[in-house]
Amino acid sequence: MNDSPIIQARGVAKRFGDFEALVTLDLEVRKGQCVGLLGPNGAGKSTFIGCLYGVVARTGGDLQVFGLDPAKQARDIKRRIGVVPQENALDDGLTVLENMRIYASFSELSRKTADPRITELLSYMMLEAKRDATIKTLSGGMKRRLAFVRALLADPELLILDEPTTGLDPSVRHLLWEKVIELRDRGKTILVTTHYMHEAEVLCDQIVILDRGKVVGTGAPKELIEREAPGFVGIFPPHTDEAIKPHLQPSWVLFHQGRQCCVRAPRFDDLLELQRASDQTALQMRPANLEDVYLKLTGSELNDDE
């Protein structure tokens with residue numbers, strides 16, 4: 001049995017003039033894993049995705065996908081992957097079926113093979129009733145689901161999801177999460193970039209956090225939380241720092257999210273005692289999560305889209 005990684009990156013670098021988009025990036029994705037790439041805008045996530053199938057030419061390091069070099073064998077790699085890009089890139093003037101038939105032909109699927117596959121996937125993504133509708137009549141959520149159909153047409157060995165649910169309402173986002181989890185549980189190998197920390201916790205077996213083109217953290221979601229930001233977080237109203245600081249223990253961490261004052265402590269009871277001692281009531285008290293890890297490692301707050 002071949003246990004070689006589906007993706008193996010060693011010291012991958014990419015420069016755009018004087019700007020280093022990727023700095024000696026190491027990453028490995030094995031068959032059946034769902035791996036999440038997290039990081040602020042400009043961290044290098046989309047650049048690395050482009051390197052995987054030859055759209056972006058790396059300037060250093062070794063990179064293999066299915067044991068092939070994207071710089072030399074991009075066409076062979078593209079036959080074996082499905083991509084949901086950030087933009088849906090569908091032809092608005094054509095119907096759903098016409099769009100999918102065109103993309104099936106790009107994947108060298110015959111009409112005899114393609115039509116049943118299209119029907120199956122439209123049903124899977126709850127779009128069967130829109131088969132003959134033009135793209136311009138579809139909602140944003142429907143177009144996003146159709147981008148998933150397109151990516152799955154050739155039953156790819158590797159599915160790449162680049163910001164798959166950005167801008168979608170919660171109901172569509174949760175539907176797509178359900179479908180990705182089903183694909184993952186069937187053994188599909190998935191690489192996903194996302195701005196949503198909860199999405200990464202729900203979908204991914206392993207997380208890789210990038211910042212300024214470098215890997216700053218990696219591990220399973222729970223492992224990352226336990227290693228980098230263990231404990232519980234109390235979120236207090238703005239301008240409560242001075243009332244809270246005198247009561248902090250040396251092992252506690254004070255930080256800010258927006259204007260809110262936040263304290264991470266080892267035990268939930270520590271936060272209850274902090275409320276009593278400071279005479280300040282927390283807006284929320286919760287277990288530490290992946291967002292706390294992200295903020296610690298990148299020093300970046302999430303923007304409106306994130």
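For the cut-offs, buried means under 20% relative accessible area, exposed means over 50%, and partly exposed is in between, with a 1.4 Å probe and protein chains only. Phe268 is partly exposed too, at 32%. Before I go on: this is a predicted model, so local features need pLDDT of at least 70 and side-chain atom pairs count only at pLDDT 80 or more, while totals for chains, interfaces and linings use all residues. Residues are numbered from 1 along each chain as its sequence is written, and side-chain values use heavy atoms, with hydrogens and water left out.

Okay, aromatic pairs. Rings of Phe, Tyr and Trp (its six-membered ring) pair if their centres lie within 6.5 Å; planes under 30 degrees apart are stacked, over 60 edge-to-face, and the rest tilted. That rule gives 2 aromatic pairs. One is Tyr103 with Phe106, edge-to-face, 5.5 Å centre to centre with 85 degrees between the planes. Both sit in helix H3 (residues 96-106), 3 residues apart, about one turn of the helix. Helices here are DSSP runs (H or I, at least four residues), strands are E runs of at least two, and both are numbered from the N terminus. Tyr103 is partly exposed at 23%, whereas Phe106 is exposed at 60%.

The Phe232 and Phe268 rings have their centres 5.9 Å apart and planes at 75 degrees, so that pair is edge-to-face as well. This one links distant parts of the chain: Phe232 is in strand S10 (residues 232-236) and Phe268 in helix H10 (residues 268-278), 36 residues apart.

The rule is NZ of Lys or CZ of Arg within 6 Å of the ring centre and within 35 degrees of the ring normal. Lys14 lies over the face of Phe16, 4.9 Å from the ring centre, and the charged end of Arg80 sits over Phe66, 4.1 Å from its centre.

Now the inside. A nonpolar core is a set of buried Ala, Val, Leu, Ile, Met, Phe, Trp, Tyr and Cys residues joined through side-chain atoms within 4.5 Å. The largest one has 55 residues, and those touching the most other members are Leu38, Leu146, Val149, Leu161, Ile207, Leu290 and Val293. Helix H5 (residues 140-152) gives the largest share of this core, 7 residues. Take Leu38: beyond its neighbours within four places in sequence, its contacts (heavy atoms within 4.5 Å) include Lys45, Thr194, Ile207, Leu290 and Tyr294. Apart from that core lies another, of 29 residues, among them Leu25, Leu37, Val83 and Leu158.

Next, helix H6. What does H6 pack against? Its buried residues pack against strand S3 (34-38), helix H4 (111-124), H5, strand S6 (158-162), strand S7 (189-193) and helix H7 (197-203). Those buried residues include Val172, Leu176, Trp177, Val180 and Leu183, and also Arg173, Lys179 and Arg184. Just after H6, Gly187 takes a positive phi of about 100 degrees.

Last stop, Thr298, in helix H11 (residues 290-298). Is Thr298 buried or exposed? Buried, because its relative accessibility is 7%. The C-alpha atoms of Thr298 and Asp211 are 5.8 Å from each other, though 87 residues separate them along the chain. Leaving out residues up to four places away in sequence, Thr298 touches Pro40, Ile209, Leu210, Asp211 and Arg212.
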